[in-house]
Amino acid sequence: MGETWYYLDTEKNTPAYNMAVDECLLKWHRNKEIPPVLRFYEWEPAGLSVGYFQKTKGKINFKALTEHHIELVRRLTGGRAVLHDQELTYSVIVAESHPKMPASVKEAYKVISKGLLEGFRNLDIEASFAIPEGKLQTTQSAVCFEEPSWYELIVDGKKAAGSAQTRQKGVILQHGSIPIHVDNTKLYDLFEYPSEKVKARAMHAFKDKAVSLEEASPGEIKIDLAKRAFKQGFEKGLDIVFENFTLSMEQEEEIHSVMNQKYKDDAWNLSR
């Protein structure tokens, strides 16, 4: 039997709450209050998360966010903007010193992504790791799913899961988005483009760059099925067993404090 990790499913919550939980889990694990943890979560209302270093001014269409009832939140992790709507989101919190975790960020991605790979297999979806040829090509796009990074999951050459990682005071936080359905029109409304023509071209190209579980799967995918598949995938891929974890009242209070002071505040969310 493998090592025991916590498993936490916080289900549907606001973007600000979701980011606060990840930050608190990171802190609690660093303080040795909890073991490593896998968390699943969903978003209500839908959220647009922007990377820690990402600029919002002139990049994000705030009017469209309001029209689509989407809340913006800034992540602790880097990378580009992700629309979190009809998806399963995961986070893994584990110490850098953990025997399973390589020192290299890239190699740690590979280890954690093994859980995702096994999850796709459980859904009868043939996924593989993205291994860019030569230097990873980067564009000026603000949209996360337009291109895969090392060891992200691809299906038929299209990105199927987007992940981001940060390391803080000895602890790794990796979280990511596994879209069940993608609304391309809504997604591209949320960004500023020089013209409608440029926007239409980017949206058309996106069809060949990203794929949802719904599109990749031979059968119907519901959120509960996806959770079971990926939970078992992480158990197999990382050789661990899960113990269900429920947040205490004190922990919920701490999460809400972080949420209100940071992730609901424009000083954080619009800091760049």
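# Briefing on a predicted protein model

The mean pLDDT of this protein is 91, and 93% of its residues reach 70 or more. The structure is a predicted model. Over residues 135-139 the pLDDT falls below 50, and this stretch has seven contacts in the model beyond near neighbours in sequence. Where pLDDT is low, the predicted coordinates should not be read in detail.

- Eight strands form an open sheet in the order β7-β8-β9-β10-β6-β2-β1-β11, and their pairing is mixed.
- The edge strands, each pairing on one side only, are β7 (128-129) and β11 (240-244).
- Strands β1 (residues 3-13) and β2 (residues 37-43) pair in the parallel sense over seven bridges.
- Within this pairing, E11 has Y41 in β2 as its bridge partner.

**Helices on the sheet**

- Helix α3 (residues 105-122) packs on the sheet and touches β6 (87-95), β7, β8 (153-155), β9 (158-168) and β10 (171-179).
- The direction of α3 makes about 135 degrees with that of β9.
- Helix α7 (residues 223-238) lies across β1, β2, β6, β10 and β11.
- Relative to β11, helix α7 runs at about 135 degrees.

**The pair α1 and α8**

- Two packed helices are described by the angle between their axes and the distance between the axes.
- Helix α1 (residues 15-30) and helix α8 (residues 249-263) pack at an angle of about 120 degrees, and their axes are 8 Å apart.
- Because angles of 65 to 115 degrees count as roughly perpendicular and those over 145 as roughly antiparallel, this angle makes α1 oblique to α8.
- The crossing of α1 and α8 is right-handed.
- On the α1 side, the residues in contact are A16, Y17, M19, A20, V21, E23, C24, K27 and W28; on the α8 side, they are Q251, E252, E254, I255, H256, V258, M259, K262 and Y263.
- By class, the contact of α1 with α8 comprises 11 nonpolar, two polar and five charged residues.

**Backbone features in loops**

- Most residues other than glycine have a negative phi, and most peptide bonds are trans.
- E44 and P45 are joined by a cis peptide bond, with omega at about 0 degrees.
- P45 is placed in the loop between β2 and β3 (47-50).
- K169 is not a glycine, yet its phi is positive, at about 50 degrees.
- The loop that holds K169 lies between β9 and β10.

Terms used:
Residues are numbered from 1 along each chain as its sequence is written. This is a predicted model: local features need pLDDT of at least 70, side-chain atom pairs count only at pLDDT 80 or more; totals for chains, interfaces and linings use all residues. Side-chain values use heavy atoms; hydrogens and water are left out. Axes are lines fitted to C-alpha atoms, for helices over the stretch in contact, and angles run from 0 to 180 degrees between N-to-C directions. Helices (H or I, at least four residues) and strands (E, at least two) are DSSP runs, numbered from the N terminus. Angles under 35 degrees count as roughly parallel, over 145 as roughly antiparallel, 65 to 115 as roughly perpendicular and the rest as oblique. A crossing is left-handed if the near helix is turned anticlockwise from the far one by less than a right angle, and right-handed if clockwise. Contact means heavy atoms within 4.5 Å. Ala, Val, Leu, Ile, Met, Phe, Trp, Tyr, Cys and Pro count as nonpolar, Asp, Glu, Lys and Arg as charged, and the others, Gly among them, as polar. pLDDT is the predictor's confidence in each residue, from 0 to 100. Two strands pair if DSSP finds at least two bridges between them.
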